[in-house]
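Student: I am new to this structure. Please take me through the terms as we go.

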Amino acid sequence: MERLKEQTILIGRDPNTSKLLISMNVNGQVKNVTLGNGVIPNSVSRCLPGQNSAHCKITVNQNGDMILTNLKEHNITKVNGSEILSKRITNINNISLGKEDYSFSVDSVLEVAKKLVPEPPVMPKSIKHLEKVYEDYEKTLDMIHQFQE
């Protein structure tokens, strides 16, 4: 979950394949992946990442808490069978979209979304002891830059 903190995950129907499209903006680049192998009903809004448009989105905050938001008034988005406009969710919830109730788990979305975000570099053990020194150095540089402004 660490990699998905402060990320927004767009969810909707892929206009080209009619599969479920998961899209994220990662470091200024739009990254997409499809989920499942079924055909998504037309009542599920298309995901158009370039237009920041989708059926719904999951927003993950700094603490890892997730909010599912229905993005269009005419969309139907449900969590565990109850229609929502916006709701806090967990990885064990089930989401269904459209009047046909196309269902999938939050966990399945998170699994494919994690693959879109590169893992942060791991500090080699041989220099791990210098991590605090480097953090202090960065803070000092920030203070110097603030003073110069």
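Tutor: Start with pairing: two strands pair if DSSP finds at least two bridges between them. Strands are DSSP runs of E with at least two residues, helices are runs of H or I with at least four, and both are numbered from the N terminus. This is a predicted model: local features need pLDDT of at least 70, side-chain atom pairs count only at pLDDT 80 or more, and totals for chains, interfaces and linings use all residues. Residues are numbered from 1 along each chain as its sequence is written, and side-chain values use heavy atoms, leaving out hydrogens and water.

Student: How do you know that β9 and β10 pair?

Tutor: Four bridges join β9 and β10 in the antiparallel sense. At least two are needed. I95 stands opposite F104 in β10. The two strands form a hairpin with four residues between them. In that turn, G98 has a positive phi of about 75 degrees.

Student: What makes β6 and β9 partners?

Tutor: Three bridges join β6 (residues 77–79) to β9 (residues 94–97), and the strands run antiparallel. T77 has L97 in β9 as its bridge partner.

Student: Why are β7 and β10 called edge strands?

Tutor: The open sheet has four strands in the order β7-β6-β9-β10, with antiparallel pairing. β7 (82–83) and β10 (102–105) each pair on one side only.

Student: What makes the chain more spread out than a compact globule?

Tutor: First, the inventory: the chain has two helices and 10 strands. Its radius of gyration is 19 Å, well over the 15 Å that the globule rule gives for 149 residues, so the chain is more spread out than a compact globule. The radius is taken over C-alpha atoms, and the rule is 2.2 Å times the number of residues to the power 0.38. The C-alpha trace spans about 55 × 35 × 30 Å along its principal axes.

Student: Why is M1 called partly exposed?

Tutor: Its relative accessible area is 34%. That falls between the 20% and 50% cut-offs, so M1 is partly exposed. M1 lies in the segment before β1 (7–13).

Student: Which residues does M1 touch?

Tutor: M1 touches V60, G64, M66, L110 and K114, not counting residues up to four places away in sequence. Contact means heavy atoms within 4.5 Å. M1 and G64 are 63 residues apart in sequence, yet 6.7 Å apart in space, C-alpha to C-alpha.

Student: What makes S18 and N52 worth a look?

Tutor: Most residues other than glycine have a negative phi. S18 has a positive phi of about 60 degrees although it is not a glycine. N52, also not a glycine, has a positive phi of about 55 degrees. S18 is in the loop between β1 and β2 (20–26). N52 is in the loop between β3 (29–35) and β4 (56–60).

Student: How do you know that N52 is exposed?

Tutor: N52 has 58% relative accessibility. The cut-off is over 50%, so N52 counts as exposed. S18, at 22%, counts as partly exposed.

Methods:
Buried < 20%, exposed > 50% of the residue type's maximum accessible area, 1.4 Å probe, protein only.
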